[in-house]
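Please find below a short note on the structure, written for a reader who is new to such models.

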Amino acid sequence: MQPILSASTLSPWEPGIFALVVYGLMVMGLVALLLFFASWLGEKKSNPEKLRPYESGVIPTGSARLRYPVPFYMVAIFFLIFDVEAAYIFAWAVSYDGLGWAGWLQISFFIFVLILGLVYIWKKGGLEWGPTAKTD
Amino acid sequence: MAAAWNSLVNVLGPDLTRIVIGLVGVLGLVQINALFLVWLERKVAAHIQLRIGPKEVGPFGILQTIVDGVKLVSKELITPRHVDRKLYMLAPVAIFLPVLLSFVVIPFSETLQIRDINVGLLIIFAFSTFNVLAILMGGWASNNKYSLLGAVRSVAQNVAYEIPLLLSLLSVLLWCNSLQMSEIVESQSRVWNVFWMPIAALIYLICATAETNRAPFDIPEAESELVAGFHTEYSGMRFALFFLAEYSNMLIVAAVATTLFFGGWKSPPFLGFLPVPGLVWFFLKTYALIFGVIWIRWTFPRLRFDQLMNFCWKIMIPAALLHLVVYAGIIKFIR
């Protein structure tokens, strides 16, 4: 293990977090200015027809806060699992050169377990979309 | 001029000056890029469909999008009833902000890069994830069933395709041993990465197309079933911000692909004798990739949503994982 040089540490904030913040603030100011000009120059007449949600001319019925299908939640959960794993692999990849064949074997085992997990949710029907034929 | 420059640097410091100048440049680039891409897309689409496309305003209709932009600014900003006002107003800003921030680390040429952060690659993908939040904000706040459906689909699609995208980037990281954009470009001066890792490049390009919601993956905005997807209720300048963000996103993913896989601002090795500046090469490659993406849009039909998700979870993710293991082994074997 050699000591970590400050010039090569993985930090985005070394010289210029302040500059990045200023950049962000300037962008925000600019977008605010754009929207201000648009609201100032644009028309300002409103009527009930115009303020109604646009559903291709059909008058909307019921609440638009639909309960969406379960598979979307499943995708969100799978995403959490797999994305965290990807972040973990990133941490491994940064130091890959120093790890040798042992590092490769370990990550192979890790990814093998990950693929097993994918096969499991696949077989359990977690990746199925649309109406399932199994409903009674 | 030089005196003014020096006083500017003195007042703000070199760091801030760079940022301010960079921001002005990026804003110009974003606007011109969007104007050009909209025109290009309409023109290419027209010629693919044996039409002519815009031709009235300016030579070859190139000023058409400027006229459209002026029209958009002068339109009313409609805020429909029963929307969640705060989220509704915030969404266009939230989608536009991270797009501009991503440009901070993109190396346009050897010297033209706003900030060469040593985790540049991570920064880009950290900011590009905000996209999902903004889409969900806009879709939920709009109080419109089509918007909500579009937003939910879009979020599911974006998060799913992000996994193979990240996994394909790991090959570059393993090969170049760096997350810094300038070093990644530097390591490709002899052979472009695309020749070392064609599969990773292919996975990246497919996922990037899906991430930017382009056809054949444009289900969130499938106009034949969802009106306009998550931005159905937006009008005028707010709609324009969504649009700007979309086309700037295309530029970013193409620019990142250029940097990671196609040698960045380096000239092709056999054309090294030409006195063409790196900036020109960079934009040539980037727009060639974007042209490819447009071409794909007007060639392939839209997928169905379950096909889209199955393609990601059952093909792309296992392929990306296996490719990573094999590729890491190959690298270890060579070195």
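Predicted model: local features only at pLDDT ≥ 70, side-chain atom pairs only at ≥ 80, totals over all residues.

1. In chain A the mean pLDDT is 76, and 81% of the residues reach at least 70. Residues 1–13 of chain A have a pLDDT below 50, and this stretch makes 6 contacts in the model beyond near neighbours in sequence.

2. Chain A contains 4 helices and 0 strands, in the order α-α-α-α from the N terminus. Among these elements, helix α4 (residues 100–123) of chain A has the highest mean pLDDT, 88, while helix α2 (residues 48–51) of chain A has the lowest, 74. Of the 136 residues in chain A, 12% are buried.

3. Between the two chains, 57 residues of chain A are in contact with 61 residues of chain B. Several helices of chain B each supply at least two residues to its side of this contact, including α1 (2–48), α6 (145–176) and α13 (305–334). By class, that side of chain B comprises 41 nonpolar, 9 polar and 11 charged residues.

4. Chain B is assigned two domains: domain 1 (1–74) and domain 2 (76–334). Their C-alpha centres are 20 Å apart, and 16 residues of domain 1 of chain B are in contact with 16 residues of domain 2 of chain B.

5. Which element gives the most to the side of domain 1 of chain B that touches domain 2 of chain B? It is α1(B), with 14 residues. The residues of this side divide into 12 nonpolar, 2 polar and 2 charged.

Terms used:
Residues numbered from 1 in each chain as written. Chains lettered and ligands numbered in written order. Buried ≥ 20, exposed ≤ 12 C-beta atoms within 10 Å, placed from the backbone. pLDDT = per-residue confidence, 0-100. Contact = placed C-beta atoms within 7 Å. Nonpolar A, V, L, I, M, F, W, Y, C, P; charged D, E, K, R; others polar. Domains from an automatic or database assignment.
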